Amino acid sequence: LRAWAGRRQPAILCGSGNNAGDGYALALLLHEAGKSCRLLRLGDKFSEDGRYYYDRCLSAGIPDGLYTEGTELRGYDQIVDCIFGTGFRGVAGGLAAKAIEAMNRSGAKVIAADIPSGLSGLSGLGDPCVRADMTVSIGFPQPGHYLNAAKDAVGTLVNVDIGIPAPESCLRLAEDGDFRELLGPRKNYANKGDYGYVALVGGCRSYSGAAKLSSLSMAALRAGCGVSMLAVPRCIAEAVTPYLLESTLSPLPDRDGFMAFDPKALDGLLGRVRALALGMGWGMGPDNASILDYILRHFEGSVVLDADGLNTLAAMDRGILQETKAKLILTPHLKEFTRLSCLTKEEVLADPVAAAEGFARETGTILLLKGPATIVTDGKETW
């Protein structure tokens, strides 16, 4: 309410459902605070609650009118979007689409009630949809406030708790401090061996940069491991050595610019580490499938598969996922996930959370599906 002090009369665009009811309730609050506004309705349909608040607006004398296709919205400093809520599915069309487009070209500050109209609360997709400067979610945020194109449409997200209970099965939003307890305190009387070795395995003659970047990030060391080893084909060892900051280099046998399958060399590497990440810049070498199969059958630690590790897995028999001794974490982006899951891009985008959870449950893996908002799930718990 304070945001409207000294400004021109704002417009509140209302559809026909309970999201419109939020607009009518807002108009009453503004009126009671001594601030004027104008209601613009897209029609004469109302939900039961919406009708109740609309009638109260009429009794209070709040200016009211119908939005028509030719209505311009450039004369308003602020517009409140109350056309569709989080339950909207499909594609906005007709007069609603015209109103959405008018809001987007108005130059006004747009505040969306619940979610920008036209955006799916499930997938975060919608075209056309309102491009809001601020979105006020009600009760708790929905997946559609974060996934896919949502961040380009939502603007600043503010959640208002009005006492709606969260469903028993809900997503968790990762925030600062959520994972601190996983790291635990460090002992003073300790050495690097107490905190374990990890290996970053990847690279080929054509793609040495990915191996360098994975080492330079020092993410494993920041998370608390004792030693981070970089294992690359021998042919690029000299190329990556100048970029090692804290990693121990472990050159592996190579052939024609790719990593070669050598059980003895792999045993030497696997016997030293608790966890490994495989696939960064690995390329699609002829021995990749043999190397990955050997690791999954013989290593009992945690394996993070990325990039060409995922592409290699996608071409292998899925049965290996049931037989592996390792704790397997897959980190695909959208295209890599379509290869792994045999789902189409459209099927994944329509409900990324369900697609990720279903795959994780079916395969017994932890899936980290990359995107504007990353989804991490074991099929039971989802962040």
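Guide: Welcome! Buried means under 20% relative accessible area, exposed means over 50%, and partly exposed is in between (1.4 Å probe, protein chains only). Residues are numbered from 1 along each chain as its sequence is written, and side-chain values use heavy atoms, with hydrogens and water left out. This is a predicted model, in which local features need pLDDT of at least 70 and side-chain atom pairs count only at pLDDT 80 or more, while totals for chains, interfaces and linings use all residues.

Visitor: Which residues of helix H13 are buried?
Guide: Helices (H or I, at least four residues) and strands (E, at least two) are DSSP runs, numbered from the N terminus. H13 spans residues 334–341. Its buried residues are Glu336, Phe337, Thr338, Leu340 and Ser341.

Visitor: Which residues have the most contacts inside the largest nonpolar core?
Guide: In soluble globular proteins, nonpolar side chains tend to be buried together. A nonpolar core is a set of buried Ala, Val, Leu, Ile, Met, Phe, Trp, Tyr and Cys residues joined through side-chain atoms within 4.5 Å. The largest one here has 43 residues, and those with the most contacts inside it are Leu305 and Leu330.

Visitor: How many residues are in the second core?
Guide: Let's stay with Leu330 for a moment: beyond its neighbours within four places in sequence, its contacts include Leu305, Leu340 and Phe359. The second core is separate, and among its members are Leu42, Tyr67, Tyr76 and Ala112. Its size is 21 residues.

Visitor: Is Ser215 buried or exposed?
Guide: Ser215 sits in helix H6 (residues 208–216). Setting aside neighbours within four places in sequence, Ser215 is in contact with Leu200, Leu230, Leu244 and Ser247. With a relative accessible area of 4%, Ser215 is buried.

Visitor: How far apart in space are Asp127 and Ile100?
Guide: Asp127 belongs to the loop between strand E5 (109–113) and strand E6 (134–138), and its relative accessible area of 66% makes it exposed. Apart from neighbours within four places in sequence, Asp127 is in contact with Val91 and Gly118. Asp127 and Ile100 are 27 residues apart in sequence, and their C-alpha to C-alpha distance is 9.9 Å.

Visitor: What kind of pair do the rings of Phe84 and Phe88 make?
Guide: Phe84 counts as partly exposed at 22% relative accessibility, and Phe88 is buried at 12%. Their ring centres are 4.4 Å apart and their planes are at 20 degrees, so the pair is stacked.

Visitor: How many residues apart in sequence are the parts that Arg172 and Glu381 tie together?
Guide: A salt bridge is a side-chain nitrogen of Lys or Arg within 4 Å of a carboxyl oxygen of Asp or Glu. The structure holds 13 salt bridges, and in the one between Arg172 and Glu381 the closest N and O atoms are 3.1 Å apart. Arg172 lies in the loop between E7 and H5 and Glu381 in the segment after strand E17 (375–377), so the distance in sequence between the tied parts is 209 residues.

Visitor: Which residue forms a salt bridge with Asp287?
Guide: Asp287 lies in the loop between strand E13 (275–280) and helix H10 (288–298), and it is buried at 11%. Its partner is in strand E11 (residues 254–255) and counts as partly exposed at 41% relative accessibility. With the closest N and O atoms 2.9 Å apart, the partner is Arg255.

How values were computed:
Contact means heavy atoms within 4.5 Å. Rings of Phe, Tyr and Trp (its six-membered ring) pair if their centres lie within 6.5 Å; planes under 30 degrees apart count as stacked, over 60 as edge-to-face and the rest as tilted.
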